[in-house]
Amino acid sequence: MGTQPYQISLQIHDLGVERAGRHILAGVNFKVAPGDALVLRGTNGAGKTSLLRALAGFSRLLEGEILFLNGSERLDLEEIAANQLHYLGHENGVSLKLSVLENITSWAVLLAPDNISQASDLLDKVGLSLMANERASRLSAGQKRRLALTRLLIAPRAIWLMDEPATALDSEGQALLTELCQTHRARGGVIVLTAHEGFSLPDAKGLQLSTGVTA
Amino acid sequence: MNAGFTLLRQEIRLRLRGSAGPAALGLFILAGALAPLSLGTNDDLLIAIAPGLLWIFACLAALLGLEGLFQDDLSEGRFAVLRLTTLPLWLVMLLMMLAYWIVVCAPVLIAAIPIGFLLGADPATTLRLSLSLGVGTPALAFIGACLAAICAGLPRGTGLVIFLALPFFAPALIFGARAASGGDDMVAAFMFLSAFSLIALATCPFIAAAAIRQNME
């Protein structure tokens, strides 16, 4: 494992999450080691997105704790959020009034000031090189998602949190997504994603969420 | 440092592509140019009320510019990206508010010069007016943006922002018009305006950051 660039693992103990003031998840436990992927499954409203947002630090925890570990050393949550987390939500994080290229260059400076990857290579990779100077608002839903995927590549970060990343992607796009995820795992990266039936990663662990708590 | 500068530039570009900046400036110029038509051609009256009138127009312009501020950023997930950077959220909000002032308020204080002349004010009054707007509008921008952040999660929250802003804008309006009119209490009025802007600058980014956190939960 010493050759892998990422060595951060993720542990969740007895996590309780709320959405809009309602307690929707309780007692969630899991561990994700470097190189592992966890697929969260569950019906609509089961709390998959809420759990993911809690992991990103966007929502307050009702109970339990989230640990990011390097070996057995606990890492600072704020440090992790600032440098080691990618969150790819339904909203993509794409600014529609900026062009494709402007989105990418601003991410590059904000997320990875010392990065060396070329925007044009990234656009090639996700198949958007012909759209570089288009306003992001003109992209289709799948193209916006592809643009959002470049964010994962611009800044090398250990932990990827993805909310139904395969949505809106065509089969070629899904293959690309799988390839990116597998490359990330081979480097010791951690992936937590939500998905409905139909998308999964090879030998990923699964966790079924159910609305056990409604109080 | 570099990241902060990039964010400011990106933010100014985004605001310039929105409708808020041109709408605010358009309102200010149009209202200023139309005022003599409705108020009559009594020069003394126009000269006497010009500072107060233009301060009201500036407040309205600043409010108009708040339309939709931060709403797209929330719904497009931009804040989710910005929260996962090394920039603290209060600094992000400070830079966004600064960009808002540059795009919406700065053009107004430049436009105040020709509009002041149009209303017949003498050069000294016009200069004082522009200067008082320069000192006072940061307070309007920061407080307005702060309220916009609080209401960003509400559909059609701008109406609420306008009502909430009224009491906060009143001090700037009172002392801004005083400072622009000149007279004995001009220096005191300028000092009050500066203090008001500085307090807004020191507190609003933190309040807005807390509001955005709350809106994202």
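Biologist: How many helices and strands are there in chain B?

Modeller: Bear in mind that this is a predicted model. Chain B has nine helices and zero strands. Read from the N terminus, its elements go α-α-α-α-α-α-α-α-α.

Biologist: What is the radius of gyration of chain B?

Modeller: Chain B comes out at 18 Å. A compact globule of 217 residues would be near 17 Å, so the value agrees with that. Along the principal axes, the C-alpha atoms fill a box of roughly 55 × 30 × 30 Å.

Biologist: And how many of the residues in chain B count as buried?

Modeller: That would be 49% of the 217 residues.

Biologist: What about contacts, what share comes from residues 24 or more positions apart?

Modeller: In chain B they make up 83% of the contacts with a separation of 6 or more.

Biologist: Switching to chain A now. What is phi for Asp14(A)?

Modeller: Asp14(A) has a positive phi of about 50 degrees, though it is not a glycine. Asp14(A) belongs to strand β1, residues 8–19 of chain A.

Biologist: Is Asp14(A) buried or exposed?

Modeller: Exposed: Asp14(A) has 12 other C-beta atoms within 10 Å, and 12 or fewer counts as exposed.

Biologist: Okay, and where is Asp203(A)?

Modeller: Asp203(A) lies in the loop between β8 (190–194) and β9 (205–208) of chain A. Phi is positive for Asp203(A) too, near 35 degrees, and this residue is not a glycine either.

Biologist: Buried or exposed, that Asp203(A)?

Modeller: Asp203(A) counts as exposed, because it has 8 C-beta neighbours inside 10 Å.

Technical notes:
Residues numbered from 1 in each chain as written. Chains lettered and ligands numbered in written order. Predicted model: local features only at pLDDT ≥ 70, side-chain atom pairs only at ≥ 80, totals over all residues. Helix = DSSP H or I, 4+ residues; strand = E, 2+ residues; numbered from the N terminus. Rg over C-alpha atoms; globule rule 2.2 N^0.38 Å. Buried ≥ 20, exposed ≤ 12 C-beta atoms within 10 Å, placed from the backbone. Contact = placed C-beta atoms within 7 Å.
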